Amino acid sequence: MKRLHVHVSVENLSQSIGFYSALFAARPNVVKPDYAKWLLDDPRVNFAISMRGNRPGLDHLGIHAESVDELQEVDGRLKQAGGAVLEVGATTCCYATSEKSWIEDPTGISWETFQTTGESTLYGDSSKANSGEARIAHSTSCCTPAAAHVLEKAPL
């Protein structure tokens with residue numbers, strides 16, 4: 001079953017962990033010096049906060065697939081949604097390894113589709129993202145599409 005993913009950039013991680021822990025009535029599943037993540041079942045969401053964004057606020061949204069089949073299904077929907085689909089493929093991001101793709105909605109909000117394949121001791125591998133051909137320059141975080149290969153531009 002898929003989860004909605006929400007990533008928010010924060011200025012004070014400790015204060016934000018306290019706020020969201022009270023709001024969700026749960027402690028985060030992952031806590032790092034610059035990042036925290038809750039995997040909640042009610043509501044079913046992968047909610048992450050970090051001090052890695054350009055400015056505080058919504059960083060990006062996504063759909064977290066739990067299987068290869070779910071990821072392929074959601075990636076197919078990206079191609080139907082219209083706009084350039086940026087496929088990163090295998091990457092390290094947010095202290096996890098994953099397969100992911102990106103698209104921007106008509107208002108410019110970044111959406112990712114991904115399947116987590118493991119854990120990592122590093123926040124991310126920006127070297128792979130920075131080698132891409134297309135650049136979306138609003139962020140340098142590994143968890144936003146700062147750069148990736150455009151695989152397909154879907155019809156509108």
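How many aromatic pairs does a search of the whole structure find? In this predicted model, the search returns 7 aromatic pairs.

**Aromatic pairs and cluster**

Two of these pairs are set out below.

| Pair | Centre-to-centre distance | Angle between planes | Geometry |
|---|---|---|---|
| Tyr 20 and Phe 47 | 4.6 Å | 50° | tilted |
| Phe 24 and Trp 38 | 5.7 Å | 70° | edge-to-face |

Tyr 20 belongs to helix 1 and Phe 47 to strand 4, so their pair ties together parts that are 27 residues apart in sequence. Both Tyr 20 and Phe 47 are buried. The assignment of the second pair follows from its angle: the planes of Phe 24 and Trp 38 stand at 70°, so the pair is edge-to-face, the threshold for that class being over 60 degrees. This pair also links distant parts of the chain, with Phe 24 in helix 1 and Trp 38 in strand 3, 14 residues apart. Phe 24 and Trp 38 are likewise buried. Together with Phe 19, the residues Tyr 20, Phe 24, Trp 38 and Phe 47 make up one aromatic cluster.

Elsewhere, a charged side chain meets a ring: Lys 100 lies over the face of Phe 114, at 5.4 Å from the ring centre.

**Nonpolar cores**

The largest nonpolar core comprises 14 residues, of which Val 8, Tyr 20, Trp 38, Phe 47 and Ile 49 touch the most other members. At least two residues of this core come from each of strand 1 (3–9), helix 1 (13–24), strand 3 (35–41) and strand 4 (44–50). Helix 1 makes the greatest contribution, 4 residues. Leaving aside residues up to four places away in sequence, Val 8 is in contact with Tyr 20, Phe 47, Ala 48, Ile 49, Ser 50, Gly 57 and Asp 59. A further core of 6 residues lies apart from the largest one, and its members include Tyr 35, Cys 93, Cys 94 and Tyr 95.

**Strand 1 and its partners**

Which strands pair with strand 1, and in what sense? Strand 5 (residues 57–65) pairs with strand 1 in the antiparallel sense, over 7 bridges. Within that pairing, Arg 3 has His 64 of strand 5 as its bridge partner. Strand 4 runs parallel to strand 1 and is joined to it by 6 bridges; here Leu 4 stands opposite Val 45 of strand 4. Strand 1 is mostly covered, with 6 of its 7 residues buried.

Conventions
Residues are numbered from 1 along each chain as its sequence is written. This is a predicted model: local features need pLDDT of at least 70, side-chain atom pairs count only at pLDDT 80 or more; totals for chains, interfaces and linings use all residues. Side-chain values use heavy atoms; hydrogens and water are left out. A nonpolar core is a set of buried Ala, Val, Leu, Ile, Met, Phe, Trp, Tyr and Cys residues joined through side-chain atoms within 4.5 Å. Buried means under 20% relative accessible area, exposed over 50%, partly exposed in between (1.4 Å probe, protein chains only). Contact means heavy atoms within 4.5 Å. Rings of Phe, Tyr and Trp (its six-membered ring) pair if their centres lie within 6.5 Å; planes under 30 degrees apart count as stacked, over 60 as edge-to-face and the rest as tilted. A charge sits over a ring if NZ of Lys or CZ of Arg is within 6 Å of the ring centre and within 35 degrees of the ring normal. Two strands pair if DSSP finds at least two bridges between them.
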